[in-house]
Amino acid sequence: MTGLNTILILVGLFLAGGVYSFSKQQMPKGVIVLLGLASVMCLVAGVMRIQGLWD
């Protein structure tokens, strides 16, 4: 596992925490959706790099 994989996964988890926090604060739905999409993209990219599917 390289540093970039770790960073992508940590950023994805951080953004996922932001989604939870923003939803509890009842922020606008658009912000929550964009933050959720960014979180999923970071997590998927990190996992794909770990699996060797994406170099």
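Analyst: A residue is buried at under 20% relative accessible area, exposed at over 50%, and partly exposed in between (1.4 Å probe, protein chains only). A helix is a DSSP run of H or I with at least four residues, while a strand is a run of E with at least two; both are numbered from the N terminus. This is a predicted model, so local features need pLDDT of at least 70 and side-chain atom pairs count only at pLDDT 80 or more, whereas totals for chains, interfaces and linings use all residues. Residues are numbered from 1 along each chain as its sequence is written, and side-chain values use heavy atoms, with hydrogens and water left out.

User: Which residues of H2 are buried?

Analyst: Ile 32, Leu 35, Ser 39, Cys 42, Ala 45 and Gly 46 are the buried residues of H2. They pack against H1.

User: How is Ser 39 placed, and what does Ser 39 touch?

Analyst: Contact means heavy atoms within 4.5 Å. Ser 39 sits in helix H2, which covers residues 29–51. Its relative accessibility is 4%, so Ser 39 counts as buried. Leaving aside residues up to four places away in sequence, Ser 39 touches Gly 12, Leu 15 and Ala 16.

User: Is Val 11 buried or partly exposed?

Analyst: Val 11 belongs to helix H1, residues 3–24. With a relative accessible area of 34%, Val 11 is partly exposed.

User: How does the length of H2 compare with what its residues should span?

Analyst: The expected span of a helix is 1.5 Å times one less than its number of residues. For the 23 residues of H2 that gives 33 Å, and the end C-alpha atoms are 33 Å apart, which agrees.
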